[in-house]
Amino acid sequence: MKDLADLRDEVGRMDGVERALSEGRELLELFAGDPSLDAEVDANLERAAAAIEELEMAANFDGEYDSHGAIVSINAGAGGVDAADWTAMLLRMYLRWADRSGFSTQIVDESEAEEAGLKSVTFFVRGRNAYGMLESERGVHRLSPFDAAHRRHTSFTAVDVIPEIEADEVPGVEIRPEDLRFETFKSGGAGGQYVNKTESAVRIIHEPSGIIVASQQERSQAQNRDVAMNILRAKLVQRTIEERDAKLSALRGERAANEWGSQIRSYVLQPYQLVKDHRTSVETGNAQGVLDGDIDPFIWPYLQSRRAR
């Protein structure tokens with residue numbers, strides 16, 4: 001039923017483009033030379049052009065899990081307090097982007113830094129093609145601001161994105177109960193009355209791989225356990241995909257990139273504003289707009305370059 005609804009949505013958008021173009025053509029044929037209708041014709045053409053662009057971009061989502069939701073993890077790297085603050089800024093950027101794109105979000109685990117910001121955070125972004133779009137954000141994001149003394153304080157934060165996957169979609173990935181170690185702890189908070197008094201948070205260690213996942217935002221231990229298992233399942237699938245790709249790269253004689261060492265985008269806030277994507281060379285001087293969630297200008301060129309490969 002979900003696949004049927006998605007296909008109906010795609011056909012409906014194509015029909016909408018056809019209607020907009022037909023209406024514009026009819027207006028031109030019936031009222032040729034009437035300047036009062038120019039604005040209406042232009043509006044129809046603009047709507048059609050925007051819809052065609054969306055359909056063209058949707059054609060890029062042909063990967064195995066592109067249509068799925070995404071699980072995003074942001075981890076502060078070098079830079080101390082500045083890196084933790086940068087992690088919080090990136091979280092805000094992605095949450096705002098998801099909201100304006102019509103996706104739902106759910107934070108499932110976060111670790112606050114000692115002074116300010118976040119050491120790490122994990123959240124879901126749910127909606128059609130959420131993973132296909134956010135896959136472009138995987139890598140290291142570098143912030144280069146200046147302080148009052150005009151000294152540069154560069155911070156690095158790593159963003160990891162994996163697809164959200166259901167249990168029946170992972171043939172070949174087996175999670176054996178004896179390989180899992182469960183730990184419970186109290187959910188973190190702002191202190192005082194906001195700290196969870198029961199050990200409802202869950203941490204799962206998958207001992208064969210060393211993968212550790214956690215969830216602490218749900219009300220009950222059982223709910224947090226289910227969320228953590230969902231994340232673990234997705235990470236194991238991603239690990240399998242990466243191992244397969246690494247083998248193919250070795251056969252081709254290629255060297256796989258180290259994500260933590262791969263700086264995909266730089267953000268400069270002072271003394272000028274510039275955000276530049278180092279993979280596509282797309283850049284903009286509206287750094288504040290990007291931090292407010294306007295990252296589509298970076299996502300689309302990446303998708304096009306990926307399809308070209």
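The tour goes from the surface patches to a helix and then to some loops.

This is a predicted model, in which local features need pLDDT of at least 70 and side-chain atom pairs count only at pLDDT 80 or more, while totals for chains, interfaces and linings use all residues. Residues are numbered from 1 along each chain as its sequence is written, and side-chain values use heavy atoms, with hydrogens and water left out.

**Surface patches**

Select Glu23, Glu26, Glu29 and Glu40, which form a negative surface patch. Patches are made of residues with over 30% relative accessible area and no salt bridge, joining like charges within 9 Å and nonpolar side chains (Val, Leu, Ile, Met, Phe, Trp, Tyr) within 5 Å. Areas come from the Shrake-Rupley method with a 1.4 Å probe, and for residues only the protein chains shown count as cover. A salt bridge is a side-chain nitrogen of Lys or Arg within 4 Å of a carboxyl oxygen of Asp or Glu. Asp and Glu count as negative, Lys and Arg as positive, and His and the chain ends are not counted. The place of a charge is NZ of Lys, CZ of Arg, CG of Asp or CD of Glu.

Helix 1 (residues 2-30) gives the largest share of the negative patch, 3 residues. Helices (H or I, at least four residues) and strands (E, at least two) are DSSP runs, numbered from the N terminus. Glu29 is in helix 1 and counts as exposed because its relative accessibility is 60%; the classes are buried under 20%, exposed over 50% and partly exposed in between (1.4 Å probe, protein chains only).

Next select Leu21, Leu45 and Ile52, which make a nonpolar surface patch of about 230 Å². Ile52 belongs to helix 2 and is partly exposed, at 40% relative accessible area.

**Helix 3**

Select residues 81-100. Helix 3 has 20 residues and spans 29 Å from first C-alpha to last, close to the 28 Å expected at 1.5 Å a residue, where the expected span is 1.5 Å times one less than the number of residues. Its buried residues include Trp86, Leu90, Tyr94 and Trp97. Just after helix 3, Gly102 takes a positive phi of about 85°.

**Loops**

Select Asn129, in the loop between strand 3 (118-126) and helix 4 (130-134). Asn129 is not a glycine, yet has a positive phi of about 70°. Is Asn129 buried or exposed? At 11% relative accessibility, Asn129 counts as buried.

Finish at Ala59, in the loop between helix 2 (38-58) and strand 1 (70-76). Ala59 and Gln304 are 245 residues apart in sequence and 9.7 Å apart in space, C-alpha to C-alpha.
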